[in-house]
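Look at the model below before reading on. The paragraphs after it go from one residue to its surroundings, and then to the whole chain.

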Amino acid sequence: MESGEFKECVSSRGLKKTVVDAAVCLAELDVADGDLKLARTSLASGSAGWAVVQCYYACFHAARALVMSEGFVEKSHRCLSIAFRDLFEREKLVEQGSANFLDEMRQMREEFNYGLKQISPQETLQIIGRVEGFVAQARNALGASSRLKK
């Protein structure tokens, strides 16, 4: 079910129709996995804040893979979140609260990139665990996508 926000994103070109390409969708998941690996490396080297930024991008690429599997590509982070919510969370293809988590991660990324936010390694480790779950459920949802099986 597409919300008014979704329709606004399409009309403002924050979301554009695209051809579904399974290889591109799977490549987005590979990028998400790579971002998670980099987050772990950053945390191990003492850069907890940078690890959180990389965690957001892991979520971003996982959500992007799903939205692309439905024939849309985002031109804004906000519209990606709206499309993810409308196309996957509202349809119960991912856990309830997943879109809110994506939004929370985006906000954290902004706080670390543009503010002076600090975070402990323990908090970052918990975030990495949650992001691993987010990416895994995206992979499962993508594997169940009928559009990719055509």
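In which helix is phenylalanine 134 found? Phenylalanine 134 is found in helix H6; helices (H or I, at least four residues) and strands (E, at least two) are DSSP runs, numbered from the N terminus. The model is a predicted one, in which local features need pLDDT of at least 70, side-chain atom pairs count only at pLDDT 80 or more, and totals for chains, interfaces and linings use all residues. Residues are numbered from 1 along each chain as its sequence is written, and side-chain values use heavy atoms, with hydrogens and water left out.

Is phenylalanine 134 buried or exposed? Phenylalanine 134 counts as buried because its relative accessibility is 3%. Buried means under 20% relative accessible area, exposed over 50%, and partly exposed in between (1.4 Å probe, protein chains only). Leaving aside neighbours within four places in sequence, phenylalanine 134 is in contact with Cys59, Ala62, Ala63, Phe84, Ser98, Phe101 and Leu102; contact means heavy atoms within 4.5 Å. Between the C-alpha atoms of phenylalanine 134 and tyrosine 57 there are 12 Å, although the two are 77 residues apart along the chain.

Ser98, Phe101 and Leu102 touch phenylalanine 134 and are among the buried residues of H5. Helix H5 (residues 98-114) has 17 residues. From its first C-alpha to its last, H5 reaches 24 Å, close to the 24 Å expected at 1.5 Å a residue; the expected span is 1.5 Å times one less than the number of residues. The cover over the buried residues of H5 includes H3, helix H4 (77-89) and helix H6 (121-143).

Helix H3 (residues 48-69) holds arginine 64. Why does arginine 64 count as buried? Its relative accessibility is 18%, and therefore arginine 64 counts as buried. Apart from neighbours within four places in sequence, arginine 64 is in contact with Glu28, Val73, Glu74 and Leu80.

Now take the chain as a whole. The protein chain has six helices and two strands, which run α-β-α-α-β-α-α-α from the N terminus on. Of its 150 residues, 47% count as buried. Among contacts with a separation of 6 or more, 71% come from residues 24 or more positions apart. The C-alpha atoms fill a box of roughly 45 × 30 × 25 Å, taken along the principal axes.
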